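This report describes a protein model from its computed geometry. Please look over the sequence and the coordinates before reading on.

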Amino acid sequence: MILPQKFLIIIRQAPFSSELPAAALDIMLTAAAFEQKVTLLFSGDGVQHLIPDQNAKGTGMKSISQALPVLELYDIKKILADHEALLNRNLHPQNLLLNAEPVSMAEIAAACENADQVFNF
């Protein structure tokens, strides 16, 4: 029996800045569909994806924020957010779109170390 791989998907890009967050979402959902263990980390400008009620209209970009609430259906339950990035943007965990666990740089390093595959977007 092949054991599931542990994937860490890191989203660093701000909403509407590139198509990379949409690519991250595609990889995340594909991995989860094949029963891989997926952890999602929002870091840097990527924490802004956790702001509720974003509107992509007129940007020409896809918003991943609308798809984020369905992650639990794919058994993606470990969602992390760079604590320092949240503080720098005056974002409070209780006001975020998802129940993301704020983590320190040391915890981010440990998550990277524990993952079999790390994808940066």
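The sections below cover the basis of the model, the sheet, the salt bridges, and the surface and loop residues.

## Basis

The model is predicted, and local features need pLDDT of at least 70, side-chain atom pairs count only at pLDDT 80 or more, and totals for chains, interfaces and linings use all residues. Residues are numbered from 1 along each chain as its sequence is written, and side-chain values use heavy atoms, with hydrogens and water left out.

## Sheet

An open sheet is built from 5 strands with parallel pairing, in the order β4-β3-β2-β1-β5. Its edge strands, each pairing on one side only, are β4 (101-103) and β5 (117-120). On average, neighbouring strands of this sheet are turned by 25° against each other, direction ignored. Strands (E, at least two residues) and helices (H or I, at least four residues) are DSSP runs, numbered from the N terminus. Two strands count as paired if DSSP finds at least two bridges between them.

Strand β1 (residues 6-11) runs parallel to β5 and is joined to it by 4 bridges. Helix α1 (residues 20-33) packs on the sheet and touches β1, β2 and β5; the direction of α1 makes about 165° with that of β1. For such angles, axes are lines fitted to C-alpha atoms, for helices over the stretch in contact, and the values run from 0 to 180 degrees between N-to-C directions. Contact means heavy atoms within 4.5 Å.

β1 and β2 also run parallel, joined by 6 bridges. Phenylalanine 7 stands opposite valine 38 in β2 and opposite glutamine 117 in β5. Of the 6 residues of β2, 5 are buried, so this strand is largely enclosed by the rest of the structure. Buried means under 20% relative accessible area, exposed over 50%, and partly exposed in between (1.4 Å probe, protein chains only).

## Salt bridges

The structure holds 2 salt bridges, each defined as a side-chain nitrogen of Lys or Arg within 4 Å of a carboxyl oxygen of Asp or Glu. In one of them, the side chains of aspartate 45 and arginine 89 meet at 2.7 Å, N to O. Aspartate 45 lies in the loop between β2 and β3 and arginine 89 in the loop between α2 (83-88) and β4, so the pair ties together parts that are 44 residues apart in sequence. Both are partly exposed, aspartate 45 at a relative accessible area of 36% and arginine 89 at 29%.

Lysine 77 and aspartate 75 form a salt bridge through their side chains at 3.0 Å, N to O. Lysine 77 is exposed at 57% relative accessible area, and aspartate 75 is exposed at 53%.

## Surface and loop residues

Val70, Leu73 and Tyr74 make up a nonpolar surface patch, with about 300 Å² of accessible area together. Patches are made of residues with over 30% relative accessible area and no salt bridge; like charges are joined within 9 Å and nonpolar side chains (Val, Leu, Ile, Met, Phe, Trp, Tyr) within 5 Å. Accessible areas come from the Shrake-Rupley method with a 1.4 Å probe, and for residues only the protein chains shown count as cover. Valine 70 sits in the loop between β2 (37-42) and β3 (78-82) and is partly exposed at 32% relative accessibility.

Serine 65 is placed in the loop between β2 and β3 and is buried, with a relative accessible area of 6%. Leaving aside neighbours within four places in sequence, serine 65 contacts His49, Gln54 and Leu97. Aspartate 53 has its place in the loop between β2 and β3 and counts as exposed at 77% relative accessibility. The C-alpha atoms of aspartate 53 and serine 65 are separated by 8.1 Å, with the two residues 12 apart along the chain.
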